Amino acid sequence: MTLILASVVFVAGVLEGFAINVVATRLAANRPLVGPLHCTRAPHPITASQAAPVLGYALQRGRCSTCGQRIGISYPLVELAMGAIWAALFGWLIASGDPDAIMWGY
């Protein structure tokens, strides 16, 4: 059961890393924070399967499937790092053995 929960926490961390990437990229490009996802190099939209955190990068071999431009390795690294941080914090809370810490995060 703990492994399943750790996996769920890891995926939640990866999704947070994806959100961080989107916000950072849009702020750097002076674009609005809401709206459809676009290729960072060209103005064409990307699909949800192309934008899937880490998996989309691996399936597309690090390239945009529409224009063929390389996608920076920093995007999946941020996502994986956030997943690892969340999973490590979850493991630390489990190891503490305090049910309140697990429930409320302190």
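# Questions on a predicted helical chain

This is a predicted model. The chain averages a pLDDT of 81, and 91% of the residues score at least 70.

Biologist: Which helix has the lowest confidence, and which the highest?

Modeller: Where pLDDT is low, the predicted coordinates should not be read in detail. Helix H5, residues 99-104, has the lowest confidence, at a mean of 60. The highest mean, 88, belongs to helix H1, residues 2-28.

Biologist: How many helices and strands are there in the chain?

Modeller: From the N terminus on, the elements run α-α-α-α-α. The count is 5 helices and 0 strands.

Biologist: Is the chain compact or spread out against the globule rule?

Modeller: For 106 residues the globule rule gives 13 Å. The radius of gyration is 16 Å, well over that, so the chain is more spread out than a compact globule. Along its principal axes, the C-alpha trace spans about 50 × 30 × 20 Å.

Biologist: What percentage of the residues is buried?

Modeller: Buried means under 20% relative accessible area. Of the 106 residues in the chain, the buried part is 25%.

Biologist: How far apart are the mean positions of the positive and negative charges?

Modeller: The chain has 6 positive and 4 negative charges. Their mean positions are separated by 31 Å.

Biologist: What share of the contacts with a separation of 6 or more joins residues 24 or more positions apart?

Modeller: Gly-17 and Val-78 give one example of touching residues. Phe-10 and Ala-87 give another. Across the chain, the share for residues 24 or more positions apart is 49%.

Biologist: Is Gly-17 buried or exposed, and which residues does Gly-17 touch?

Modeller: Gly-17 is found in helix H1. Its relative accessible area is 0%, so Gly-17 is buried. Not counting residues up to four places away in sequence, Gly-17 touches Val-78, Glu-79 and Met-82.

Biologist: How far apart in space are Gly-17 and Ser-74?

Modeller: In sequence, Gly-17 and Ser-74 are 57 residues apart. C-alpha to C-alpha, the distance is 11 Å.

Biologist: Which residues does Asn-21 touch beyond four places in sequence?

Modeller: Asn-21 lies in helix H1. The cut-off for buried is under 20%, and Asn-21 has 10% relative accessibility, so Asn-21 counts as buried. The residues touched are Tyr-75, Val-78 and Glu-79.

Biologist: Where does Phe-10 lie, and what distance separates the C-alpha atoms of Phe-10 and Met-82?

Modeller: Phe-10 lies in helix H1 and is partly exposed, at a relative accessible area of 30%. Leaving out residues up to four places away in sequence, Phe-10 touches Leu-80, Gly-83, Ala-84 and Ala-87. Phe-10 and Met-82 are 72 residues apart along the chain, yet their C-alpha separation is 7.9 Å.

Biologist: Why does His-44 count as buried, and which residues is His-44 in contact with?

Modeller: His-44 is found in the loop between H1 and helix H2 (48-51). His-44 has 16% relative accessibility, and therefore counts as buried. Leaving aside neighbours within four places in sequence, its contacts are His-38, Cys-39, Cys-64, Thr-66 and Cys-67.

Biologist: How far apart in space are His-44 and Ala-84?

Modeller: The two are 40 residues apart in sequence. C-alpha to C-alpha, the distance is 31 Å.

Biologist: Where is Ile-71, and which residues does Ile-71 touch?

Modeller: Ile-71 sits in the loop between H3 and H4. Ile-71 is partly exposed, with a relative accessible area of 23%. Not counting residues up to four places away in sequence, Ile-71 touches Tyr-57, Gln-60, Gly-62, Arg-63 and Cys-64.

Biologist: What is the phi of Asn-30?

Modeller: Most residues other than glycine have a negative phi. Asn-30 lies in the loop between H1 and H2, and is exposed, with a relative accessible area of 72%. Asn-30 is not a glycine, although its phi is positive, at about 60 degrees.

Biologist: What is the phi of Arg-61?

Modeller: Arg-61 lies in the loop between helix H3 (55-59) and helix H4 (74-96). Arg-61 is exposed, with a relative accessible area of 74%. Although Arg-61 is not a glycine, its phi is positive, at about 55 degrees.

Methods: Residues are numbered from 1 along each chain as its sequence is written. This is a predicted model: local features need pLDDT of at least 70, side-chain atom pairs count only at pLDDT 80 or more; totals for chains, interfaces and linings use all residues. Side-chain values use heavy atoms; hydrogens and water are left out. Helices (H or I, at least four residues) and strands (E, at least two) are DSSP runs, numbered from the N terminus. The radius of gyration is taken over C-alpha atoms; the globule rule is 2.2 Å times the number of residues to the power 0.38. Buried means under 20% relative accessible area, exposed over 50%, partly exposed in between (1.4 Å probe, protein chains only). Contact means heavy atoms within 4.5 Å. Lys and Arg count as positive and Asp and Glu as negative; His and the chain ends are not counted. The place of a charge is taken as NZ of Lys, CZ of Arg, CG of Asp or CD of Glu. pLDDT is the predictor's confidence in each residue, from 0 to 100.
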